Structures are given as structure tokens and as C-alpha cells.
Amino acid sequence: MNLPWLSLLIPVYKVEPWLPACLASIRAQAVPNIEVLLLDDASPDGSGALARQLTEDWPEARVLVHPRNRGLSAARNSLLAEALGEYVWFLDSDDVLLPGSIQSLREAIAQGAPDLVLCDFRVVRERMRLKHRLRGELHRRTFAGAPRQTRPAGPELVAGLLQVGQLHSWSKIARREVWQAAPFPEGRYYEDMAVIAALIAGSRSFRYVPETWVGYRQREGSILASSSPAKLRDLLHNAGTLRAEVHALPQLSDPAARFALDHFCLRTVLTGLRLAAPLRSGAPELDAEIRTAVAQLLPDAGAAVLRGYLGRGWWWRWLRARARLRRWGVAAG
């Protein structure tokens, strides 16, 4: 049996308006010997039927079904269990693959057969305005480090990933066994954050390609477009899990990797505090939970990472972070 070199795994749930563009972006690339697996996670709209219609004349594609809705993590885990490809690439069904991305991935794999390949992305909007271009939405980096080199998965992988903080799964293509050792936590938001440590631990080598391979669709109806106590709790919980698991990696003996982890945790805390602000009046118990989570993520109240900001000349970042922490009563240095 000639197994595919790549499995593209696509969960499908309430994406009827965007699914045709997603699948068309894959079919247009016409790269041989890949498989495309979709999973209808009991979508209440016509997404499941549309997925079957769009793939009925596509031999490389199959549609799996969950009889009841189980969420994004469970859908990804089910897809992963069915995948046959040597490499696995997750893609959200409202996003697109940009032209030439699959061939570029194939060429990157040919250069040293890395366990993990990292790519960049661009934001896709109905109307791309000048302010979005000035924000860099046409090219978002996912890694800070040497490009186009197959490198050992040492401290620079940890530092490069966490310094940038773009931890979504769809910008990380890995060998199937690497992803299988990093199952997604079911029933939680921010699930990508929770698998990063396992992905790093399971990779022996990596390669960063600074090309935009994914078009990430920015839309109001996405899962994380609004805040809620459950989303905030999951954000802080998964960040705490990431901190503990990355801290246990041997790569954390490197100062740059330690700083990148602290930097990521501080940024996550600041995001959590911003999300918490409009929720506090309706959920007063959140205050105590947030303070506990902040103490776990920033055991020295952020003093170490703030000193790191000063040492790097990041004055504006230091001022903003310090002010926001103090506003919540966190006595950062």
C-alpha cells in the first residue's frame, strides 16, 4: 500500500459559508499522494452535507462523522487516529491554504526530513484596510530564529516559539507519531496551547520556513471572538499547564529559553487581565481565581521578565506591562 506523505486534517462545524474556499484552496494545488480528511462534528447547519458534496469526486478526500458534537479537540483527535500520512497538517475549515504551500512543505521536508516544520501565515478579512496592513496582517511570523535550516529541537525551538507566541496547531506540521504523542485536551478552549510542550518534546529536529502558507480568517463568529469566564479559566489553566510542562524540558536550562517562557506567561497574564475586565461585575469569584493563576504563572510577580525587558531595551513594553500588573495589585518590580 502506497501511504500518503501528508494528511490534511479538517474539523467541520458551522462553517458552511467558508468551507468551499477552504477545500478549493487545497484542490487547486494538485500535489500528488496526499490525503484530506474532514470530520463533521455533528454540525447543526449544512456543513456536513456540503463537505460530502464537495468531496464526492475527490478520491484523496474522506469525510468522517461524530454522531454528536464533541468539540474541536475531540474532532482533531479523531482525525489524527484515522490519518495515514507520514506528516500531519491541521487546518481549520474557515481558513485556506495559500497557493504553493503544499509544494513548499514538500521541499522543506526534502531538506533533512525534520520532525517538525513551522510556517508563517496571513490574516484574511472580507476587507483588508490600511490599518490591517500596517499591523503586519499580510505576514505574521510564528518563530524567532534561523530560517530554512533543519536544526536540532533544542533550546532555540523553545525560545523561538514562545518569544513570538503564535502557538496555533495549523502553523506546525509534524510527523504523525509526533502529533499522536500530543493529543488535544477535550472540552477546553485554547487547546493549541496545551499541546506545545508535548510537540516540542516529541520532535528531534525542526525547520522554520518564513513563508505564509495559511490564510487565517478573522471573523466575528469564531469560537474565541468573545470572552466568557469559561474561556478565561481555560486560557489561564492551559498557560499554567504549558509553563509546568515546558519547565520540565531539558531545553529550559538555556537562559534564552527561560526568558521566552517567562515572556510568554506575562503576555498571557496581560491577555487574561484584559479579558477579565468586562467579566468582573458578573462573576466576582473570578478575582480570586485570576490572582491564584497569576501567582502560578508569574511566581515572582513578573519581576524577572520585566528586568529582562529592561536589559533588552524594551522600555515601552516594560512600562505598559508594569502599569497593567499594578492596576490589578500585582506588585511587579
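I started with lysine 231 and found its charged end over the ring of tyrosine 189, 5.5 Å from the ring's centre. I counted a charge as over a ring if NZ of Lys or CZ of Arg is within 6 Å of the ring centre and within 35 degrees of the ring normal. This is a predicted model, where local features need pLDDT of at least 70 and side-chain atom pairs count only at pLDDT 80 or more, while totals for chains, interfaces and linings use all residues. Residues are numbered from 1 along each chain as its sequence is written, and side-chain values use heavy atoms, with hydrogens and water left out.

I looked up arginine 76 next. Arginine 76 lies over the face of phenylalanine 90, 5.8 Å from the ring centre. I then followed Phe90 into an aromatic cluster with Trp179 and Phe184.

I turned to the aromatic pairs. The structure holds 13 of them. For these, rings of Phe, Tyr and Trp (its six-membered ring) pair if their centres lie within 6.5 Å; planes under 30 degrees apart count as stacked, over 60 as edge-to-face and the rest as tilted. I checked tyrosine 309 with tryptophan 314: the ring centres are 5.4 Å apart and the planes stand at 45°, so this pair is tilted. I also noted tryptophan 315 with tryptophan 318, an edge-to-face pair with 6.4 Å centre to centre and 80° between the planes. These two tryptophans are three residues apart in helix α13, so about one helical turn separates them.

I read off the accessibilities. Buried means under 20% relative accessible area, exposed over 50%, and partly exposed in between (1.4 Å probe, protein chains only). Tyrosine 309 is buried at 2%. Tryptophan 314 is partly exposed at 24%. Tryptophan 315 is exposed at 53%, whereas tryptophan 318 is buried at 15%.

Just after α12, glycine 313 takes a positive phi of about 75°.

My last stop was serine 78, in helix α3 (residues 72-82). Its side chain makes a polar contact of 2.8 Å with the side chain of histidine 66. A polar contact is a pair of N or O atoms within 3.5 Å; within protein, one must be able to donate a hydrogen and the other to accept it, and residues adjacent in sequence count only if both atoms are side-chain atoms.

How values were computed
Helix = DSSP H or I, 4+ residues; strand = E, 2+ residues; numbered from the N terminus.
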